[in-house]
Amino acid sequence: MPKGSGKVVAQNKKANHDFFIEETIEAGIVLQGTEIKSIRNGRVNMKDSFARVSNGEVFLHNLHISPYEQGNIHNHEPTRMRKLLLHKKQIAKLIGETQQAGYSLVPIKMYLKDGYAKVLIGLGKGKKKYDKREDLKRKQMNRDVARA
């Protein structure tokens, strides 16, 4: 199966609006307890999430996975920091690319692939306001052409 394919659970719709995504990487995610059950139910919010490299590991911050409703007292914390599973070469490459000015790691979508939760991470460069306005104009023109 190609990367980015599978049952999409959550998408970060603001990622393409706020960043120029130059490269994407598929990563596994370390979960605990009932988190996978909440993910399968689609109880995930990626709106303000971001990834950061620290101590040779990649961590996902502010990813909100709601507590499982049928869980017990040992449910997980919704916005805890989660480790992403990548190869050492991929992490070394990301370290070099994110140290350049303006580049950051943005989670684009979360999906289920062969029973495992995967996160598609993009290496993005932030857009300026005029870039965002230009994109909105282009989308509107495409809609008008399709309508006509």
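Modeller: Start with a charge over a ring. Lys109 lies over the face of Tyr111, at 5.9 Å from the ring centre. The term requires NZ of Lys or CZ of Arg within 6 Å of the ring centre and within 35 degrees of the ring normal. Aromatic pairs are another matter: the structure holds 0 of them. Such a pair would need rings of Phe, Tyr or Trp (its six-membered ring) with centres within 6.5 Å.

A word on the basis. The model is predicted, so local features need pLDDT of at least 70 and side-chain atom pairs count only at pLDDT 80 or more, while totals for chains, interfaces and linings use all residues. Residues are numbered from 1 along each chain as its sequence is written, and side-chain values use heavy atoms, with hydrogens and water left out.

Now the strand, β8. Its span is residues 103–113. Strands here are DSSP runs of E, at least two residues, numbered from the N terminus. Of the 11 residues of β8, 10 are buried, so the strand is largely enclosed by the rest of the structure. Buried means under 20% relative accessible area, with a 1.4 Å probe and protein chains only.

Next, the partners. Strands pair if DSSP finds at least two bridges between them. With β9 (residues 116–126), β8 runs antiparallel, joined by 10 bridges. Lys113 stands opposite Tyr116 of β9. The two strands form a hairpin, with 2 residues between them. In that turn, Asp114 has a positive phi of about 55 degrees. Strand β1 (residues 7–11) also pairs with β8, again in the antiparallel sense, over 4 bridges. There, Lys7 has Leu112 of β8 as its bridge partner.

Then Tyr103, a residue of β8. Tyr103 counts as buried because its relative accessible area is 18%. Leaving out residues up to four places away in sequence, Tyr103 touches Glu22, Glu97, Thr98, Leu123, Gly124 and Lys125. Contact means heavy atoms within 4.5 Å. With Glu22 there is also a polar contact, side chain to side chain, at 3.2 Å. That term covers a pair of N or O atoms within 3.5 Å; within protein, one must be able to donate a hydrogen and the other to accept it, and residues adjacent in sequence count only if both atoms are side-chain atoms. Phe19 is 84 residues from Tyr103 along the chain, yet their C-alpha atoms are separated by 9.1 Å.

Terms used
Buried < 20%, exposed > 50% of the residue type's maximum accessible area, 1.4 Å probe, protein only. Phe/Tyr/Trp six-rings, centres within 6.5 Å; stacked < 30°, edge-to-face > 60°.
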